[in-house]
Structures are given as C-alpha cells and as structure tokens.
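Biologist: Can you put the model up and walk me through it? I'll ask as we go.

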Amino acid sequence: MFVFLVFSLGEILPPDLTAVGISRRIPEKDAFTRAELDAIADKLVLDDVNKDKWTPFSFIFKPHHNILTGNYDVNVLIAALEAKGKKVVWHDHRTGSSSIKLVDDSLTGMMLNVPTKKFGGLWRSRHWVAFRKIHGIWYNLDSDLKAGKPFQNDEHVLEYLDNIISQGGQVFIILHEKCSL
C-alpha cells in the first residue's frame with residue numbers, strides 16, 4: 001500500500017504516523033496496491049496515442065512507471081485518485097504557496113513532486129511526497145521519513161511549499177470531487 005495515497009481516507013489516528021503505522025490503518029478499499037497502480041499505468045500505455053514514436057528504450061523505461069525507481073508518473077496518480085472521487089489540481093507555481101487555501105474544507109491534501117539528488121549529485125530524480133491535515137495539524141508524510149513530520153502552523157507549511165517550489169518542485173492539490181478552487 002502506498003502512503004502518498006492517504007488522501008482517499010477518512011481520519012487517520014495518531015500517534016503512529018510511520019509509513020507502516022499508516023498503512024495498518026488504511027482499509028483495503030481506501031488504499032492502492034502496486035498491482036492496481038501497475039494496471040492503471042498499463043492502461044495508460046494502451047491508450048497512448050504517441051506509441052508510434054516510442055523507441056526500444058520505451059519498453060524498458062515505461063512512460064508511466066519507472067521500474068528502476070518504482071515511481072509512477074502524475075497521470076497514474078491522478079487516475080487513481082479520481083477513481084476514489086478526488087479532484088487533482090496542478091498548482092500554478094508562479095503564484096507561490098500563498099494562493100493555496102489550507103483552511104478550505106474541500107482540501108483533502110497535497111502531493112508534492114520534488115527534485116532529488118543522490119550519490120553526490122550524480123543521480124537526479126524526482127520523489128513524491130504526501131501532505132495531509134490530520135486532527136487539525138498538517139503532516140509531511142514523505143516515505144523517506146521515519147515518521148510523519150508535523151508542522152507547527154499553516155505559515156510553516158506555506159514556507160515549506162515555497163521552498164519546494166523555488167527548487168523546481170511541483171504541488172498538486174487534492175480536493176473532494178465536486179469542489180473547485
């Protein structure tokens with residue numbers, strides 16, 4: 001099960017906000033398995049109108065699922081969340097984080113796609129990070145953390161988001177289906 005998809009849940013109860021702790025609290029109907037995400041990625045491949053432009057590497061480095069890193073592209077995540085009745089809005093980075101209404105009842109959570117460097121900068125990639133408000137507190141639910149990291153207040157969340165945006169990160173806002181910004 002994947003922590004970044006906790007947006008489809010009702011409330012998750014602290015104190016165990018580790019990836020394992022969260023996944024134990026996710027009802028099967030509200031979580032996505034690797035097989036389900038793979039099926040969405042495969043369907044997107046079948047529906048791809050640009051298949052004729054693929055190279056032999058396209059079969060190794062699939063367009064919607066990187067086998068080496070395990071990452072899925074945004075199209076897979078959006079399709080999975082929409083299947084659970086959520087709406088995904090790509091945040092316009094030019095407006096900064098101040099345009100995100102953190103107190104809006106329609107806001108379910110956020111997904112961040114952040115640039116990462118490993119092995120002394122030799123390996124550059126991107127990483128998905130989930131943000132979710134749990135019992136009135138915003139948490140960074142990054143799977144690379146040992147536990148969810150709480151933010152002291154909304155201003156700290158916005159500062160963090162501005163920092164991510166300034167480094168080339170992207171913010172995706174997750175809303176309840178029938179809501180808009």
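**A loop residue, then the rest**

Modeller: This is a predicted model. Let's start with serine 106, which sits in the loop between β1 (86-90) and β2.

Biologist: Is serine 106 buried or exposed?

Modeller: Serine 106 is buried: its relative accessible area is 6%, and buried means under 20%.

Biologist: How many residues apart along the chain are serine 106 and histidine 176, and what separates their C-alpha atoms?

Modeller: They are 70 residues apart along the chain, and their C-alpha atoms are separated by 5.5 Å.

Biologist: Let's step back. How many helices and strands are in the protein?

Modeller: The protein has 5 helices and 6 strands. Starting at the N terminus, the order is α-α-α-α-β-β-β-β-β-α-β.

Biologist: And what percentage of the residues count as buried?

Modeller: 41% of the 181 residues. The accessible surface is about 10400 Å², with 56% of that belonging to carbon and sulfur atoms.

Biologist: What about contacts between residues at least 6 apart in sequence?

Modeller: Of those contacts, 62% join residues at least 24 apart.

Biologist: Now helix α5. Where does it run, and what does it reach from end to end?

Modeller: Helix α5 covers residues 154-166, which is 13 residues. From its first C-alpha to its last it reaches 18 Å, close to the 18 Å expected at 1.5 Å a residue.

Biologist: Which residues of α5 are buried?

Modeller: Val157, Leu161, Ile164 and Ile165. Down the axis of α5, the buried residues fall within an arc of 100 degrees, so they line one face of the helix.

Biologist: What do the buried residues of α5 pack against?

Modeller: Four strands: β2 (107-118), β3 (123-134), β4 (137-140) and β6 (170-176). The face turned away from the buried side carries Glu159 and Ser166, which are exposed.

Biologist: What is there at the start of α5, and just after it?

Modeller: At the start, a side-chain oxygen of asparagine 153 comes to within 3.1 Å of the backbone nitrogen of glutamate 155. Just after α5, glycine 168 has a positive phi of about 95 degrees.

Biologist: Next topic, the cores. Which residues have the most contacts inside the largest nonpolar core?

Modeller: That core has 18 residues, and the ones with the most contacts inside it are Met110, Leu112, Phe131, Trp138, Val157, Leu161 and Val171. At least two residues of this core come from each of β2, β3, α5 and β6.

Biologist: What is tryptophan 138 in contact with?

Modeller: Setting aside neighbours within four places in sequence, its contacts include Met110, Phe131 and Val157, and also Arg132, Lys149 and Asp154.

Biologist: What does the second, separate core include?

Modeller: The second core has 15 residues, including Phe32, Ala41, Val74 and Phe172.

Biologist: Ala41 is in α2, then. Which residues of α2 are buried?

Modeller: Leu37, Ile40, Ala41 and Val45. Seen down the axis of α2, they fall within an arc of 145 degrees, so they line one face of the helix.

Biologist: Which residues are exposed on the other side of α2?

Modeller: Ala35, Lys43 and Leu46.

Biologist: And what covers the buried residues of α2?

Modeller: The cover includes α4 (74-83).

Conventions: Residues numbered from 1 in each chain as written. Predicted model: local features only at pLDDT ≥ 70, side-chain atom pairs only at ≥ 80, totals over all residues. Heavy atoms only, no water. Expected span 1.5 Å × (residues − 1). Buried < 20%, exposed > 50% of the residue type's maximum accessible area, 1.4 Å probe, protein only. Arc of directions from axis to C-beta. Contact = heavy atoms within 4.5 Å. Polar contact = N/O pair within 3.5 Å; in protein donor to acceptor, adjacent residues only side chain to side chain. Core = buried A, V, L, I, M, F, W, Y, C linked by side-chain atoms within 4.5 Å. Areas by Shrake-Rupley, 256 points an atom, 1.4 Å probe, with all protein chains shown as cover.
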